[in-house]
Amino acid sequence: MYKRRKDRKKKLLWIGITIFLLFFVLFYSLTSSKLSFIEMIGKDTATLIQKVVLFPFTALNEEKGKTMTESYTIQKNVNVHLEKEIEELKELLKLNHTLTEYTPINAMVLSRNRSYWFQNITVDKGKKDGVGKDMIVITSDGLIGKVSKTSYLSSEISLITMNDVNYKISVSIAGNKGESFAILNGYEQKKGLLKLTGVDKTAALEIGDTVTTSGLGGMYPRGIYIGKIEKIQEDKYGLSKTVYVKSKQDFNQIHYVTILKEKEK
Amino acid sequence: MKIVFLCFSFFLDGILSNFLSFLPNTLSFCTPLLTLVFLVVIFPLYKKNKKKYFLTAGILGFCYDLFYTNLLFFNACLFVEIAYLTTIFCKRIPLNYGTLPILLILLIGIYHLSTIFFLHLFQVLNPTLGDFFYLWTHTIFLNVLMGEIFYFIFCFCHKKYVKAL
């Protein structure tokens, strides 16, 4: 009788430890933003295998890749003279982040996070190529996200379509009647529209106005194209506006991206 | 044959979701979860060695995380949970063409529900029940169909499998 009770206690203890470990592992898995050394080795091995297995399929998309080098040029939208002019203005205005300060790193998308809840993609460039955390990622159609994790051979990119409460981007809306500012922090999955909040109710906005990064906050340089306004809605209390933006980028069909690496000063 | 099918379903999962138009966030009715389906279908081969089955589920889940989700150990835990539930279900009801779809629908639902539960618990995202039903209904069709195909192939080609049923 005593032995049976002891066995039961032991079993309960093991169940308790297992549940605790399980919750710890799941918590770590969902919240960690850095890859450990072992994870990095595993991820790099997976990247190599994936490159081999997916080769026939990525080769099919090679045509699209030819335009990838154009993406940065389009975004940068400067020529030599303009670049000089920008440098002078930067010095005059003491600006820190403009698009001319970045070097492009072109990368191919290896896989997309299979989980419906996470809007991440994995690309084939990592620390080896100079990719680092929080670097900005664009395509020829505009801003798509930022680098969230890096390993030696690959990197994970969090897309702007991610509905993470901590993922916010300061944006600027350029309309006919002036410039307004807002925060991009959401995505209407079913309609495929990016959500801007915190827009002043007095801001004169129109459908079709262009949305770009504002450069505020220091992370994203000013002027990266995001999309055009598709819908404007007033909030319940009429205090602010919520704006829905249509991006030119089809977020389901991203095959090549450009990572912007800040030039060393 | 088991290994060949395992690799086939594992990589097909990735190919279908990355290179064809039915991607996770557009969610057509053909969103694949073939690795999970395969794990359920092969259970009869592990009927006598459940520890090995759980180990296979864990390794498969870990590889799934490495290749497709970047959430290391998350799916490893969920796959073991699904494997455990499969053993419980199969203890009571035998696996056949009629019970397999029911089991798959149930387990896919539990898989999504578990994911949502942990996302809520750790305050990562705030999915609603509506999201769950949307996701569940959109992942059933292709996976049940593929489950039946896998089952048919195993019954047809694998003598040990038929015996174990």
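A salt bridge is a side-chain nitrogen of Lys or Arg within 4 Å of a carboxyl oxygen of Asp or Glu. By this rule, the whole structure holds three salt bridges over all chains. The model is predicted, so local features need pLDDT of at least 70 and side-chain atom pairs count only at pLDDT 80 or more, while totals for chains, interfaces and linings use all residues. Residues are numbered from 1 along each chain as its sequence is written, and side-chain values use heavy atoms, with hydrogens and water left out.

**Salt bridges**
- A:Lys146 and A:Asp134 meet at 3.8 Å, N to O.
- These two residues are 12 residues apart, A:Lys146 in strand β4 and A:Asp134 in the loop between β2 and β3 of chain A.
- A:Lys146 is buried at 17% relative accessibility, whereas A:Asp134 is partly exposed at 32% (buried means under 20% relative accessible area, exposed over 50%, partly exposed in between, with a 1.4 Å probe and protein chains only).
- A:Arg222 pairs with A:Glu179, their closest N and O atoms being 2.9 Å apart.
- In a further salt bridge, A:Glu188 and A:Lys191 have their closest N and O atoms 4.0 Å apart.

**Contact between chains B and A**
- The contact (heavy atoms within 4.5 Å) takes 38 residues from chain B and 40 residues from chain A.
- Zero salt bridges are found across this interface.

**Helix α4 of chain B**
- Helix α4 (a DSSP run of H or I, at least four residues) spans residues 74–92 of chain B and has 19 residues.
- Its buried residues include B:Phe74, B:Leu78 and B:Ile82.

Note on methods: Chains are lettered from A and ligands numbered from 1 in the order in which they are written. The expected span of a helix is 1.5 Å times one less than its number of residues.
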